[in-house]
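Good morning, and thank you for coming. I would like to take a few minutes on helix packing and on the ligand site, in that order.

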Amino acid sequence: MTTATHLDTPAADAAIVLPAVQATADTVFEPATRPTMYFIGVTTGKSSIMQVFPKWAKHLGLGAVAIRGLDCKWHDDPAVYRHVVKFIKDDPQSLGALVTTHKIDLLTACRDLFDELDPFAELLGEVSGIAKRGLPAASRAHSLLCGYAKDPITSGLSLEAFLPADHWKKTGGDTLILGAGGSSIALSCAMLDPKHGDNLPRRLFVTNRSPGRLHEIEAIHKKLHVSIPVEYIHTPRPEDNDRVLARLAPHSLVANATGLGKDAPGSPLTDAAEFPEHGLAWDFNYRGDLHFLVQARRQAAARHLHVEDGWVYFLHGWTRVMEEVFHIEIPARGPGFDALGQIAASTRTA
Ligand SMILES: NC(=O)c1ccc[n+]([C@@H]2O[C@H](COP(=O)([O-])OP(=O)(O)OC[C@H]3O[C@@H](n4cnc5c(N)ncnc54)[C@H](OP(=O)(O)O)[C@@H]3O)[C@@H](O)[C@H]2O)c1
């Protein structure tokens with residue numbers, strides 16, 4: 001007879017999801033008993049990765065690995081971040097982590113705990129991935145702790161997935177990024193990469209609700225020697241974003257990097273905003289009320305818009321960090337990537 005216990009017990013070589021832990025500076029973390037990847041976030045248990053990870057692990061042949069969420073508070077005490085990173089660093093079977101929300105705060109608090117940072121982590125002052133490398137598995141407690149800022153790579157891959165080839169050169173379209181936080185910086189770095197040659201937007205507009213973030217992104221762009229005109233525009237009200245939108249040429253990209261529509265309800269635009277003809281509307285999120293995408297879809301037929309959510313971004317975000325954590329190669333495009341996308345889609349409820 002098949003019992004519920006049998007159904008609930010994963011095979012010995014299957015990946016498992018361990019219960020999330022609320023991290024404090026005093027939490028006694030359980031040493032991992034199998035190779036374990038952590039998800040450092042705020043409400044990690046709600047993320048789709050908890051359904052997706054065991055299926056991906058099986059498909060990728062990772063064996064009896066585990067994932068565990070470590071929840072920290074928004075802008076937590078630096079001592080909490082240090083406690084979490086020290087635990088991962090010292091625990092042999094804890095292999096690394098994907099970091100969301102705390103990318104800048106965590107690196108600021110823990111910079112001296114990392115043996116290596118990749119060039120984007122140095123440039124942006126943030127880490128979205130933590131992994132160990134350099135020494136054999138038996139001595140992982142003494143291996144090197146590396147920090148990675150993967151968002152410039154993952155946002156670039158996500159854009160490449162829907163932007164037609166040579167789009168900017170062929171159309172002369174602009175880019176408007178609504179919001180000047182970490183993901184806005186990442187996308188702008190990806191778009192302005194010299195590897196694109198002269199296939200660049202004609203102009204880049206970046207808006208933000210508070211002025212401080214605009215100074216930060218401008219300082220980073222200065223280091224990159226950006227070759228196209230960039231305007232940094234303070235937009236405290238949605239009507240201010242509408243006005244910038246109205247300046248865009250046809251075929252422009254409009255990215256919602258504000259988190260509005262997921263982290264808080266609504267959209268950075270008003271319902272009266274008009275998207276550019278043949279434009280591309282991209283929300284970085286894939287769950288929430290996604291009101292920005294609702295607004296774009298209302299105009300999609302009349303204005304010939306391409307409307308894109310953040311699902312592919314989610315897939316790239318996780319797979320690029322899993323590569324580093326588990327020391328495997330995961331395809332970023334083509335049939336191998338599509339298969340991972342299909343597996344993930346099979347778990348999607350929204
Ligand atoms: N699909 C994925 O895998 C993926 C990957 C990366 C990011 N994301 C999502 O993308 C969103 C942004 O991420 P992030 O890390 O860049 O967040 P962040 O650092 O918090 O940045 C958001 C920025 O948007 C600004 N903002 C908020 N409302 C605005 C408005 N009405 N007009 C103009 N600017 C406004 C904020 O300004 P203030 O300075 O005034 O607060 C803040 O600077 C998050 O929801 C995240 O979950 C998804």
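I begin with two helices, and with the handedness of their packing: helix 6 and helix 8 cross in a right-handed sense. Please keep in mind throughout that this is a predicted model.

Two packed helices are described by the angle between their axes and the distance between the axes. Here, helix 6, which spans residues 151–162, packs against helix 8 at an angle of about 65°, and the two axes are 8 Å apart. Because angles of 65 to 115 degrees count as roughly perpendicular, helix 6 is described as roughly perpendicular to helix 8.

I now turn to the ligand. Which residues come nearest to the ligand? Of the 22 residues around the ligand, they are S183, S210, D263, F284 and N285. By class, this shell has 12 polar residues, six nonpolar and four charged.

At G182, a backbone N or O atom lies 3.2 Å from an oxygen atom of the ligand. R213 contributes through its side chain, with a polar atom 3.1 Å from a ligand oxygen atom. At F284, a backbone N or O atom is placed 2.7 Å from a nitrogen atom of the ligand.

How much of the ligand's accessible area does the protein cover? On its own the ligand has 930 Å² of accessible area, and the protein covers 82% of that.

Finally, which elements give two or more residues to the shell? They are helix 8, residues 182–191, and helix 12, residues 311–326.

Conventions
Residues are numbered from 1 along each chain as its sequence is written. This is a predicted model: local features need pLDDT of at least 70, side-chain atom pairs count only at pLDDT 80 or more; totals for chains, interfaces and linings use all residues. Side-chain values use heavy atoms; hydrogens and water are left out. A residue is near a molecule or strand if one of its heavy atoms lies within 4 Å of it. A polar contact is a pair of N or O atoms within 3.5 Å; within protein, one must be able to donate a hydrogen and the other to accept it, and residues adjacent in sequence count only if both atoms are side-chain atoms. Accessible areas come from the Shrake-Rupley method with a 1.4 Å probe; for residues, only the protein chains shown count as cover. Helices (H or I, at least four residues) and strands (E, at least two) are DSSP runs, numbered from the N terminus. Ala, Val, Leu, Ile, Met, Phe, Trp, Tyr, Cys and Pro count as nonpolar, Asp, Glu, Lys and Arg as charged, and the others, Gly among them, as polar. Axes are lines fitted to C-alpha atoms, for helices over the stretch in contact, and angles run from 0 to 180 degrees between N-to-C directions. Angles under 35 degrees count as roughly parallel, over 145 as roughly antiparallel, 65 to 115 as roughly perpendicular and the rest as oblique. A crossing is left-handed if the near helix is turned anticlockwise from the far one by less than a right angle, and right-handed if clockwise.
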